[in-house]
Amino acid sequence: MKLFDSHAHVDGPEFEADRDAVLARARAAGVARIVVIGAVGDPASAERAVALAERDPEIWATVATHPHDVQQMTPAWWDVHERLARHPRVVAIGETGLDYYYDHSPRQLQRDAFVRFLELARRTGKPVVCHIRDAHDDARAILAESGLGKGVIHCFTGTPDDAAAYVALGFHVSFSGIVTYKTAQPIRDAVRRVPIDRILIETDCPYLAPVPMRGKRNEPAYVVHTAATVAREAGLSVEDLAARTTANACAVFGLT
Ligand SMILES: [Zn+2]
Ligand SMILES: [Zn+2]
């Protein structure tokens, strides 16, 4: 079985002490490929993600600034993203988007940065990885206006109708460990509204560890638990779900 963790923050300080062991456990668990999201805090995260991708042929990177942090962005941050976006190991722009649940940055700044990252995706010909929380109407309006039509709605937390609407816009929908939580029935219902060829799975580690690891530091090896739940909802064996979601991730990120 080969799994693809489409969204992991293994560049972060939470993995500083044991990153190589974490990646080895991922491989041992069948997680053959990982996309590292270089977007938390300042652009050092993007630089670290690209460095990880440069040294491992089965790891790729994305670059952007998380919607939580866009308030701190300077012209120098944009310069880093402009440069790294063209790097051959960078497979998408992200994570970018709108988070109206936490509102860590003002909403207008989030919208402005999202539009600008979508323009960067268009200019570089790369897909976008979107973080959208409690902002699905605004996000869909911005995505429709951009016309980009390729990318991932990561860690999906909307309604089944929201999922169907993103699919109609051309996007893939990625499910995290949240799908395993007892209270997340609407997200399990959303799995059934997404065509099999648009489903991705992810850890979003170190956050959101799936049941039965909930509460621990998450890591790519645990994506197997998310795969099991998504497979059950999709009516597939876990082996089949692993193969399909790996193929889907390769398709959206342009990997062979
Ligand atoms: Zn996110
Ligand atoms: Zn993330």
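In this briefing a residue is buried when its relative accessible area is under 20%, exposed when over 50% and partly exposed in between, using a 1.4 Å probe and protein chains only. The model is predicted, so to speak of local features a pLDDT of at least 70 is needed, side-chain atom pairs count only at pLDDT 80 or more, and totals for chains, interfaces and linings use all residues. Residues are numbered from 1 along each chain as its sequence is written, and side-chain values use heavy atoms, with hydrogens and water left out.

**Around R19**
- R19 is found in helix α1 (residues 19–28); helices are DSSP runs of H or I with at least four residues, strands are runs of E with at least two, and both are numbered from the N terminus.
- The side chain of R19 makes a polar contact with the side chain of E16 at 3.2 Å; such a contact is a pair of N or O atoms within 3.5 Å, where within protein one must be able to donate a hydrogen and the other to accept it, and residues adjacent in sequence count only if both atoms are side-chain atoms.
- Leaving aside residues up to four places away in sequence, R19 touches V10, D11, G12 and L52, contact meaning heavy atoms within 4.5 Å.

**Aromatic pairs**
- Rings of Phe, Tyr and Trp (its six-membered ring) pair if their centres lie within 6.5 Å; planes under 30 degrees apart count as stacked, over 60 as edge-to-face and the rest as tilted.
- By this rule there are six aromatic pairs, one of them the stacked pair of F4 and W60, with 6.4 Å centre to centre and 20 degrees between the planes.
- F4 lies in strand β1 (residues 3–8) and W60 in strand β3 (residues 59–63), so this pair ties together parts 56 residues apart in sequence.
- F4 is buried at a relative accessible area of 1%, and W60 is buried at 7%.
- F156 and Y166 have ring centres 6.4 Å apart and planes at 85 degrees, so their pair is edge-to-face.
- Ring pairs also link F4, W60 and F253 into a cluster.

**Nonpolar core**
- A nonpolar core is a set of buried Ala, Val, Leu, Ile, Met, Phe, Trp, Tyr and Cys residues joined through side-chain atoms within 4.5 Å.
- The largest one has 70 residues, and F114, Y166 and F175 have the most contacts inside it.
- Helix α4 (residues 107–124) gives the largest share of this core, six residues.

Technical notes:
Chains are lettered from A and ligands numbered from 1 in the order in which they are written.
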